[in-house]
Amino acid sequence: MPEGDSLHRAAARLRPLVGERVEASSPNPRGLATNVARAVDGRVLESVEAVGKHLLLCFEGGVTVRSHLRMSGRWRVRERGGPAWRGRPWLILATPRWEATQWNGPVLKLDDGRASRLGPDLLADATTVEAVVARVRRADPARLLGDVLLDQRLVAGIGNMWLAEVLWQGRLSPFLPVGRVTDDELGGVLRWGRDSMRAAVAGARPPRAVYRRAGRPCPRCGTPILSRGLGELNRTAYWCASCQRGP
Ligand SMILES: [Zn+2]
């Protein structure tokens with residue numbers, strides 16, 4: 001699943017098209033079936049925003065397209081008039097100068113309002129860490145910390161990789177009930193996550209300490225890193241049982 005920072009990078013690539021009227025087409029039949037091209041063809045693209053794990057493209061007339069890329073989806077942008085595309089993009093948005101293409105879906109649709117039910121985007125300028133901590137406190141205190149931080153209704157933008165890294169940084173186990181974590185500890189992991197994801201938007205991802213490093217030594221204490229399924233969606237958590245507090 002793409003993390004919040006990779007969606008922010010995709011949004012930045014698409015920004016040159018903002019303010020332009022687009023010609024839209026869908027060479028790929030699965031893309032065509034979404035009806036997105038027909039709905040946006042000839043409209044001005046007013047804004048592109050990464051909200052949590054969704055990219056929202058807002059067109060004139062209140063038409064919004066929601067794109068959730070998961071693992072396989074990609075947005076590419078290039079100057080118009082290059083060689084023909086190899087393969088069939090789901091969606092092409094063309095302006096006189098630019099050509100943006102969306103590949104492999106897998107979620108490309110006219111917005112049904114679901115994005116508005118997401119929690120605050122950790123990377124948004126308007127989001128404060130204090131507000132996110134207060135919102136996370138609404139969760140059942142018995143829920144596991146890792147599960148709560150992945151819950152996009154509480155805070156949007158943290159995926160599996162960043163979850164593992166922020167909790168290692170904050171020395172907290174993903175299996176700790178959230179009720180046993182202090183506001184300071186929560187604020188600390190969220191602040192580190194926000195700052196690191198912002199740096200990653202600018203192109204600097206920190207080296208991974210634990211994510212997909214099961215069995216290898218913890219960079220802090222040398223204990224082998226563990227991995228196990230976590231929460232309702234059974235995502236894989238990675239953590240060091242020696243230097244991260246909790247079960
Ligand atoms: Zn350790």
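Strand 4, which covers residues 63–68, is joined to strand 8 by 4 bridges, and the two run antiparallel. Within this pairing, Arg66 stands opposite Lys109 of strand 8. The model is a predicted one.

These two strands belong to an open sheet of 4 strands, whose order is 2-3-4-8 and whose pairing is antiparallel. Its edges are strand 2 (45–51) and strand 8 (107–110), each of which pairs on one side only. From one strand to the next, the twist averages 15°.

Moving from strand 4 to its other neighbour, strand 3 and strand 4 pair in the antiparallel sense over 5 bridges. Here Leu57 stands opposite Val65 in strand 4. The two strands form a hairpin with 3 residues between them. In that turn, Gly61 has a positive phi of about 85°.

Ser47 stands opposite Cys58 in strand 3. This pair also forms a hairpin, with 2 residues between the strands. Gly52, in the turn, has a positive phi of about 60°.

How many residues of strand 3 are buried? For strand 3 (residues 54–59) the count is 6 of the 6 residues, so the strand is largely enclosed by the rest of the structure. The side chains divide between two directions: His54, Leu56 and Cys58 point one way, while Leu55, Leu57 and Phe59 point the other way. Both sets are buried. Buried here refers to a relative accessible area under 20%.

The remaining site is the zinc ion. Which protein atoms are its donors? They are the SG atoms of Cys218, Cys221, Cys240 and Cys243, lying 2.2 to 2.3 Å from the ion. Along the chain, these donors follow the spacing C-x2-C-x18-C-x2-C. Cys240 and Cys243 are both buried.

For reference, the ideal angle for four tetrahedral donors at a metal is 109.5 degrees.

Terms used
Residues are numbered from 1 along each chain as its sequence is written. This is a predicted model: local features need pLDDT of at least 70, side-chain atom pairs count only at pLDDT 80 or more; totals for chains, interfaces and linings use all residues. Side-chain values use heavy atoms; hydrogens and water are left out. Donors are N, O and S atoms within 2.8 Å of the metal (3.2 Å for Na, K and Ca); water is not among the atoms, so sites may look incomplete. Buried means under 20% relative accessible area, exposed over 50%, partly exposed in between (1.4 Å probe, protein chains only). Two strands pair if DSSP finds at least two bridges between them. Axes are lines fitted to C-alpha atoms, for helices over the stretch in contact, and angles run from 0 to 180 degrees between N-to-C directions.
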